[in-house]
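Subject: Structure for you to look at

Hello,

Here is the structure we talked about, handed over for you to read through. My notes follow below it.

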Amino acid sequence: MTGVLLGVGDLSVGVHSSGLSYDIVRDVSFDLYQNEILAVVGESGCGKSLTALSILSLQSSPPLRVTSGSIMFGGRDLLKLPPTELRKVRGKEISMIFQDPMTALDPMFTVGTLLTTAVRAHQKVSKARAEEISLAALADAGIEDPRRRFGEYAFQLSGGISQRVMIALALVNSPKVIIADEPTTALDVTVQAQILERLLMLKKDRGMSIILITHNLGVVASVADRVVVMYSGEIVETGSVADVFKSAQHPYTHGLLRAVPRLGSATKPLTAIPGRVPQPVEIPAGCVFAPRCERVTNVCHEVRPALLIRGPSAVRCHNPID
Amino acid sequence: MKAVLRRTLTMLLLLMVSSFAVFAAIRLSGGDVTAARLPASASAEDRALFRQQVGLDKPIINQYFTYLGKLATGDLGNSLTNNARLSTLATEKIRNSLILGGSSMVVIFALGIPLGMIAAMRRNSWLDTGITSVSVAGMAIPNFWLALISIYVFSTLLGWLPSAGQGGIRYLILPTLVLSAEGIALTVRMTRSAMLENLGQDFVRTLRAAGVSERRIHLKHVLRSSLMPLISLAGLRVGQIAGYALVVETIFGWAGVGQALVNAVLRRDYPVVQLFSLLLVALVTLGNLMATVGYTLANPRLRKYS
């Protein structure tokens with residue numbers, strides 16, 4: 001971990017169209033360092049995917065729009081780049097892997113065509129050279145028979161192979177950062193492990209930085225260096241994986257960790273967090289987690305807590321666990 | 001391949017059935033073929049004699065088998081009204097109709113697809129509103145009315161284009177536009193909605209994330225998926241043109257199959273009606289068959305697994 005590579009600052013994203021106006025992601029800030037895997041974890045609808053998509057302005061707009069904030073990369077704010085400049089960042093500097101590989105690949109073209117199209121979107125190379133680069137990327141993504149896959153269509157591939165093709169597509173222009181949005185959610189467990197191992201290799205062998213969006217704490221524990229915990233559109237806690245897992249400071253993180261089943265502890269029933277996540281239109285005035293929190297006090301209902309920096313960690317709580 | 005074979009057999013069966021349907025229907029519809037052939041002063045005996053000569057006095061089913069037998073030997077028969085050999089008569093009509101119908105098919109896709117793409121890519125702009133409104137009009141306006149209005153405007157008022165007949169390309173313009181109007185409108189709307197639907201697909205986001213330009217995403221990837229429904233419905237367009245040709249050729253005095261068929265029906269010229277009706281049926285089924293083949297070839301999944 002040396003310098004900051006990508007800095008998300010006070011990012012708010014929301015629905016802003018005729019009659020509707022509310023933020024789904026509020027004041028999200030985090031830094032991605034060189035050569036690290038940063039996990040963004042949270043339950044469905046907490047805004048983690050939207051945060052990830054917003055980094056490259058890939059959210060469906062309209063109706064989703066960035067309301068405020070900055071995304072600093074290489075001295076430039078990606079949110080202020082004109083479309084032609086942004087296109088040069090996408091895939092070349094920062095690329096993305098999506099959740100459902102089966103629908104994320106264009107069914108009308110071969111894997112090879114998709115890869116060479118991506119190569120030639122950024123590099124002025126011959127067709128033959130683009131093919132070489134593509135085949136190398138397929139091999140790097142852990143595909144055993146690159147030449148065969150090169151000529152196949154998405155519908156001929158299994159889920160695991162499709163996701164490796166997605167990884168190859170993300171790698172093909174050697175970006176510095178990969179954003180992986182739930183890359184293993186649609187896959188079965190053995191394939192999940194292989195894909196995660198591949199991401200770890202990218203970090204180790206190529207010095208890449210990865211933002212890993214997931215709802216799976218097991219995934220976070222096995223590959224990530226640092227973790228950002230999101231709840232209802234806000235960051236509630238950040239820190240190194242070791243610190244957060246050993247001593248979570250936010251009651252939500254604490255509750256999440258207690259809700260994970262562990263092998264060999266069948267004696268204790270799993271703890272659930274009572275209540276449900278508030279809808280983006282009904283965000284309470286104080287702390288978003290207050291209605292469900294077991295450490296709630298009066299101040300929690302009235303004042304929204306700031307993200308409190310505590311050493312390498314940060315927590316958004318009036319009554320953090322020590 | 002199996003599907004194509006099955007469709008070809010179905011097509012032959014359909015031709016058989018429709019040949020009988022046409023054969024019987026035109027004979028059962030009443031009217032008198034001698035009215036067009038013999039002078040008004042002809043006596044009842046003369047008329048009966050004429051019917052006997054051409055075999056119209058026999059039961060319909062017998063006539064039908066005689067007709068099939070001749071058809072099998074390649075004898076299409078003669079017109080009842082002027083005795084012309086149908087094989088020579090048909091060649092010119094078919095050529096004329098193919099010119100008009102073919103240019104209409106080309107115009108439908110050559111105008112419909114780009115206009116639909118522009119509307120989708122400039123969604124909700126004045127250009128989109130304009131294209132969409134005109135295409136609604138194109139679907140709502142009946143072609144006979146459009147034909148009369150366009151003749152009035154472009155021939156009578158402005159004098160730019162001839163109102164009827166055959167000749168150079170100038171004679172082709174008005175009938176082609178009228179014949180293709182509804183097809184253009186439908187193609188515009190289908191292209192537009194397919195483009196918009198495919199723009200929301202996950203694979204578009206993947207291409208964007210890879211840094212592929214919007215232009216390339218639209219023109220190569222989204223368009224490719226959007227063309228599939230157009231291919232599968234191209235067969236319907238053929239049928240539509242074949243049907244509308246009856247009206248449009250008649251109004252514009254275009255000496256094609258449509259006009260000949262309308263005239264033959266009015267004169268109860270049975271052999272001509274039978275031949276041209278069958279040609280239209282064959283054309284429509286062939287159009288659908290080709291659309292199926294085209295769809296299979298254009299869709300990689302079907303191409304790989306069939």
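In what order do the elements of chain B run from the N terminus on? They run α-α-α-α-α-α-α-α-α-α-α-α-α, with 13 helices and zero strands in chain B. Helices (H or I, at least four residues) and strands (E, at least two) are DSSP runs, numbered from the N terminus.

Before the rest, note that this is a predicted model, in which local features need pLDDT of at least 70, side-chain atom pairs count only at pLDDT 80 or more, and totals for chains, interfaces and linings use all residues. Residues are numbered from 1 along each chain as its sequence is written, while chains are lettered from A and ligands numbered from 1 in the order in which they are written.

Chain B

The C-alpha trace of chain B spans about 85 × 55 × 30 Å along its principal axes. Chain B has 306 residues, and 34% of them count as buried (20 or more other C-beta atoms within 10 Å of the residue's own; exposed means 12 or fewer, partly exposed in between, with C-beta atoms placed from the backbone).

Helices α5 (residues 86-121) and α8 (residues 169-199) of chain B pack at an angle of about 35 degrees, and their axes are 6 Å apart. Here axes are lines fitted to C-alpha atoms, for helices over the stretch in contact, and angles run from 0 to 180 degrees between N-to-C directions.

Where chain B touches chain A

In the model, 16 residues of chain B are in contact with 24 residues of chain A (contact: C-beta atoms, placed from the backbone, within 7 Å). On the chain B side, α9 (202-209), α10 (214-251) and α13 (300-305) each give two or more residues. The largest share, seven residues, comes from α9(B).

Helix α8 of chain A

Helix α8(A) covers residues 189-206, 18 residues in total, and reaches 25 Å from its first C-alpha to its last. That is close to the 26 Å expected at 1.5 Å a residue (1.5 Å times one less than the number of residues).

Gln192(A), Ile195(A), Leu196(A), Leu199(A) and Leu202(A) are buried in α8(A). They are on the same side of α8(A) because they cover an arc of only 105 degrees around the axis, taken from the directions from the helix axis to the C-beta atoms. Thr190(A), Lys204(A) and Asp205(A), on the other side of α8(A), are exposed. The buried residues of α8(A) pack against elements of chain A including β3 (37-41) and α7 (159-171).

Regards

Conventions. Two residues are in contact if their C-beta atoms, placed from the backbone, lie within 7 Å.
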